[in-house]
Amino acid sequence: MIQGITKDMHVYADYSYIPLVLLAPNLMGFEDDRSSAMVCRSFAFAELGTSLLTDAKWGAIKCIPYKTHAIIDLASGVMALGAAVMRPMSENKNARNTLIAMGITGLVVGALSILGAKQR
């Protein structure tokens, strides 16, 4: 049975996702596609904001319950997958594939975090 991940494990997902997504346009070669780059950077800053506001030990201002944070991660995954099929991201292979990877990551981390929170 899948047990999910704990708050302590989730922080590693968050704080590795943020810089990778922030740098994704440069790393994946679509920094000249301003719209796609802005979408990635927006996801990174949104994740940074929710991470800093989460009531876990890594949160700076603890006002978002951890379960809510996990649901936001899940929703972020859905939004990234949706963005991957929208123009201009869908026309840029590197941007599209990056958003698909971000979406899958958000769905997996969000779902595993929700499962982990329910078991504690």
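A surface patch, as the term is used here, is made of residues with over 30% relative accessible area and no salt bridge, and nonpolar side chains such as Leu and Met are joined into one patch when they lie within 5 Å. The model to which this term is applied below is a predicted one.

The chain contains four helices and zero strands, and from the N terminus on its elements follow the order α-α-α-α. Its radius of gyration is 14 Å, close to the 14 Å that the globule rule gives for 120 residues, so the chain is as compact as a globular protein of that length. The C-alpha trace spans about 45 × 30 × 20 Å along its principal axes.

Of the 120 residues in the chain, 39% are buried. Among the contacts between residues at least 6 apart in sequence, 62% join residues at least 24 apart.

Attention may now turn to the surface. The chain exposes about 6800 Å², and carbon and sulfur atoms supply 68% of this area. On the surface, L20, L23, L27 and M28 form a nonpolar patch. Together, these four residues have about 400 Å² of accessible area.

L23 lies in helix α1, which covers residues 7-28. Its relative accessible area is 44%, so L23 counts as partly exposed.

Technical notes:
Residues numbered from 1 in each chain as written. Predicted model: local features only at pLDDT ≥ 70, side-chain atom pairs only at ≥ 80, totals over all residues. Heavy atoms only, no water. Patch = residues over 30% accessible without salt bridge, like charges linked within 9 Å, V, L, I, M, F, W, Y side chains within 5 Å. Areas by Shrake-Rupley, 256 points an atom, 1.4 Å probe, with all protein chains shown as cover. Salt bridge = Lys/Arg side-chain N within 4 Å of Asp/Glu carboxyl O. Helix = DSSP H or I, 4+ residues; strand = E, 2+ residues; numbered from the N terminus. Buried < 20%, exposed > 50% of the residue type's maximum accessible area, 1.4 Å probe, protein only. Rg over C-alpha atoms; globule rule 2.2 N^0.38 Å. Contact = heavy atoms within 4.5 Å.
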